[in-house]
Amino acid sequence: MNFSRTNLEIETLQEDLSQLQSLLTPLISQNLLNRENEHIRILNLACGRADESGILKKILQPYTQHLHITGVDIRDRELDTARSIWRSDDSTQFDFLHQDATKLDEIAQLSAPFDIAFMRHQNYWNGDLTWKRIYDSALHRLKSQGLLIITSYFDREHILALTAIQQLGATLVTTIRNPSSRTINDAPDKSVDRHIAVFKI
Ligand SMILES: C[S@@+](CC[C@H](N)C(=O)[O-])C[C@H]1O[C@@H](n2cnc3c(N)ncnc32)[C@H](O)[C@@H]1O
């Protein structure tokens, strides 16, 4: 995982991901994995470079014989990076689609429902209408009892997203503050995976 990143950036990224893994593991196991799952399907929306693919695989692999993680974003360069890092193997299939996440119902590859829709650093602040459409689109792609999981960079954006997603009919299961969230150097109000929320439909 060293595509144009310095050693320090790689080390920092690994620490962020390890922190995220430690918080997500109990949230997912308590809320999803209390049943037999021969296949688990994850939709990683607005995934960018999908840095979290490895920890999603680590968290979910013990619970299933076959894991399928599909990333969706509109940025080609980030998707190319994701494709070059995350390769499918016998237990896990990775796909990265250049698609608009506001229109998931129009994408043939996504017609089967998902166990989890995941959005790391959702971006409600950057366009509330677009993000409401993305949340709605995601909720409509979930299995019954499926989970929508978001993380947010800053407090206000998280609160707005919680409200919007509940207005769309989802139930908030839990929201937690990451105690070790790393502050972003040039944006002191923001920090990495500062909040994590889990919803059920
Ligand atoms: C704040 S970034 C988060 C990226 C990545 N999840 C992360 O944590 O680093 C927001 C992402 O949303 C993507 N995005 C914005 N609008 C989108 C849309 N309509 N469909 C799919 N992705 C979109 C952007 O391209 C960007 O990668």
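Helix H5 (residues 155-167) has 13 residues and spans 19 Å from first to last C-alpha. That is close to the 18 Å expected at 1.5 Å a residue, where the expected span is 1.5 Å times one less than the number of residues. Helices (H or I, at least four residues) and strands (E, at least two) are DSSP runs, numbered from the N terminus.

This is a predicted model: local features need pLDDT of at least 70, side-chain atom pairs count only at pLDDT 80 or more, and totals for chains, interfaces and linings use all residues. Residues are numbered from 1 along each chain as its sequence is written.

Which residues of H5 are buried? They are Glu-157, His-158, Ala-161 and Ile-165. Buried means 20 or more other C-beta atoms within 10 Å of the residue's own, with C-beta atoms placed from the backbone; exposed means 12 or fewer. Seen down the axis of H5, the buried residues fall within an arc of 100°, so they line one face of the helix. The arc is taken over directions from the helix axis to the C-beta atoms. On the other side of H5, Arg-156, Thr-163 and Gln-167 are exposed.

The buried residues pack against helix H4 (128-139), strand S5 (142-152) and strand S9 (195-200). Contact means backbone-placed C-beta atoms within 7 Å. After H5 comes Gly-169, with a positive phi near 110°.

Now the helix pair. H1 (residues 7-31) and H2 (residues 53-60) pack at about 35°, axes 10 Å apart. Axes are lines fitted to C-alpha atoms over the stretch in contact, and angles run from 0 to 180 degrees between N-to-C directions. H1 contributes Leu-17, Leu-20, Gln-21, Leu-24, Thr-25 and Ile-28 to the contact; H2 contributes Ile-55, Lys-58 and Ile-59.

Notes
Contact = placed C-beta atoms within 7 Å.
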